[in-house]
Amino acid sequence: MAEFELDCLGEACPIPLVKTEKKMQELDVGDTLIVMIDHSCALKNVPEWARKNNYDVEVEEVGESEWEIFIDKTA
Amino acid sequence: MAEEAVKKIVDETEATPSSRRSSSRSSRRSTARKPKKDQTLQGLILLVLVIAFGIYLATISATIGIFWLTGIAFGFILRRTNFCFTASMRDPIMTGSTSLTRAVLIALAITSIGFVAVQYGASIKGLPVPGMGFVVPVSFATVAGAFLFGIGMVLAGGCASGTLMRIGEGFGMQMLSIVFFVIGSFWAARDMGWWTLNFISNGPRLHLPEIFGWTGAITVQLVFIAVLYILADRWENRNQEL
């Protein structure tokens with residue numbers, strides 16, 4: 001049940017998504033990845049990609065135009 | 001599909017992880033979280049200034065006042081919906097998601113109906129059809145230009161509207177994008193005469209109502225958009241099965 005952080009602050013879309021895809025492959029089932037983003041585009045496509053892969057996703061706005069996406073690797 | 005949409009809304013509007021996530025799983029970051037700034041007052045002041053400046057602009061020219069309002073509304077909608085023309089063209093290939101592609105298609109369908117209404121309205125009154133100045137020749141230059149623009153907008157992380165919106169959001173990299181966007185536009189404007197003379201003006205001018213009639217034009221357009229919508233929907237679901 002480890003927790004990993006992926007700092008994508010300052011990265012334009014679609015880099016956060018590409019990084020998230022790669023990072024999720026390294027994670028074990030049950031782990032959680034926290035993706036930090038500040039590009040609103042990633043706010044849409046990262047959760048969408050994760051839900052498509054049947055991961056649990058939560059999005060939280062932590063600051064002005066800054067978000068954290070919690071992705072649980074469920075399978 | 002509907003479930004997913006509801007889930008998304010719930011995820012985005014519901015409480016912070018501390019109340020939603022069980023305490024055993026609460027993350028390091030969510031415990032040591034800086035409190036969110038409340039910007040309601042700034043927002044209200046800005047709204048008043050926007051309206052005041054709009055009224056001021058309207059005294060100079062009604063058109064500029066309308067541009068001001070539509071520009072602000074457009075930016076607000078882009079920002080709140082995460083609507084992105086770049087993503088609508090890029091995501092089908094990169095992620096297999098076509099939700100924005102379909103959003104753009106719906107927007108085009110609505111715009112088409114609006115344009116036909118305005119142009120048809122003018123034409124039955126015998127007035128000159130508005131917008132005909134924007135009916136430009138179609139040629140290989142259109143395809144080549146679109147392809148180059150596509151490469152550029154994916155690298156820059158946004159088209160013109162997306163870049164402007166993200167500058168408003170405070171995204172630093174895109175301030176760099178806009179600088180080169182402006183340089184590129186100036187350069188294009190400088191050479192436009194040559195391109196127009198040698199390549200662009202050779203193409204035919206297409207205005208669908210002149211070919212199919214008003215009813216025919218809107219039917220052809222909407223059917224074409226509907227076909228693209230269905231293809232986009234299939235593309236998304238096809239990827240899901242893999």
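**Entry 1: α9 and α10 of chain B**

I began with helix α9 (residues 160-169) of chain B and helix α10 (residues 172-198) of chain B, whose axes come within 9 Å and cross at roughly 135 degrees. I noted α9(B) and α10(B) as oblique to each other, because of that angle. The model I am reading is a predicted one. I then looked up the hand: α9(B) passes α10(B) in a left-handed crossing. Next I listed who makes the contact. From α9(B) I wrote down B:Ala160, B:Thr163, B:Arg166 and B:Ile167. From α10(B) I wrote down B:Gln174, B:Met175, B:Ser177, B:Ile178 and B:Phe181. I sorted the residues of this contact by class and got five nonpolar, three polar and one charged.

**Entry 2: α6 and α7 of chain B**

I stayed in chain B and went to another helix pair. Helix α6 (residues 85-94) of chain B packs with helix α7 (residues 99-124) of chain B at an angle of about 130 degrees. Their axes are 7 Å apart. On the α6(B) side I found B:Phe85, B:Ala87, B:Ser88, B:Asp91 and B:Pro92. They meet B:Leu100, B:Thr101, B:Ala103 and B:Val104 in α7(B). By class, I have six nonpolar, two polar and one charged residues in the contact of α6(B) with α7(B).

**Entry 3: chain A, overall**

I found two helices and four strands in chain A. Reading along the sequence, I wrote the pattern of chain A as β-α-β-α-β-β. I looked up the radius of gyration of chain A, which is 11 Å. The globule rule gives 11 Å for 75 residues, so I noted chain A as being as compact as a globular protein of that length. Along its principal axes, the C-alpha trace of chain A spans about 30 × 20 × 15 Å.

**Entry 4: the sheet of chain A**

In which order do the four strands of the open sheet in chain A stand? I traced them as β1-β2-β4-β3, with mixed pairing. I marked β1 (3-8) and β3 of chain A as the edges. Each has a single partner strand, so one side of each is left without a neighbour in the sheet.

Then I took up the hairpin. Strand β3 (residues 56-63) of chain A and strand β4 (residues 66-72) of chain A run antiparallel, and seven bridges join them. I picked out A:Glu60, whose bridge partner in β4(A) is A:Glu68. I also found A:Glu61 opposite A:Trp67 in β4(A). Two residues lie between the strands of this hairpin of β3(A) and β4(A). There I noted A:Ser65, which takes a positive phi near 55 degrees.

**Entry 5: the helices of chain A**

I asked where α1(A) and α2(A) sit relative to each other, and at what angle they pack. The angle is about 25 degrees, and the axes are 9 Å apart. That makes α1(A) roughly parallel to α2(A). I recorded the crossing of α1(A) and α2(A) as right-handed. In α1(A) I listed A:Pro16, A:Leu17 and A:Thr20. They meet A:Ala42, A:Asn45, A:Val46 and A:Trp49 in α2(A). I divided the residues of this contact into five nonpolar, two polar and no charged.

How values were computed:
Residues are numbered from 1 along each chain as its sequence is written. Chains are lettered from A and ligands numbered from 1 in the order in which they are written. This is a predicted model: local features need pLDDT of at least 70, side-chain atom pairs count only at pLDDT 80 or more; totals for chains, interfaces and linings use all residues. Axes are lines fitted to C-alpha atoms, for helices over the stretch in contact, and angles run from 0 to 180 degrees between N-to-C directions. Angles under 35 degrees count as roughly parallel, over 145 as roughly antiparallel, 65 to 115 as roughly perpendicular and the rest as oblique. A crossing is left-handed if the near helix is turned anticlockwise from the far one by less than a right angle, and right-handed if clockwise. Two residues are in contact if their C-beta atoms, placed from the backbone, lie within 7 Å. Ala, Val, Leu, Ile, Met, Phe, Trp, Tyr, Cys and Pro count as nonpolar, Asp, Glu, Lys and Arg as charged, and the others, Gly among them, as polar. Two strands pair if DSSP finds at least two bridges between them. The radius of gyration is taken over C-alpha atoms; the globule rule is 2.2 Å times the number of residues to the power 0.38.
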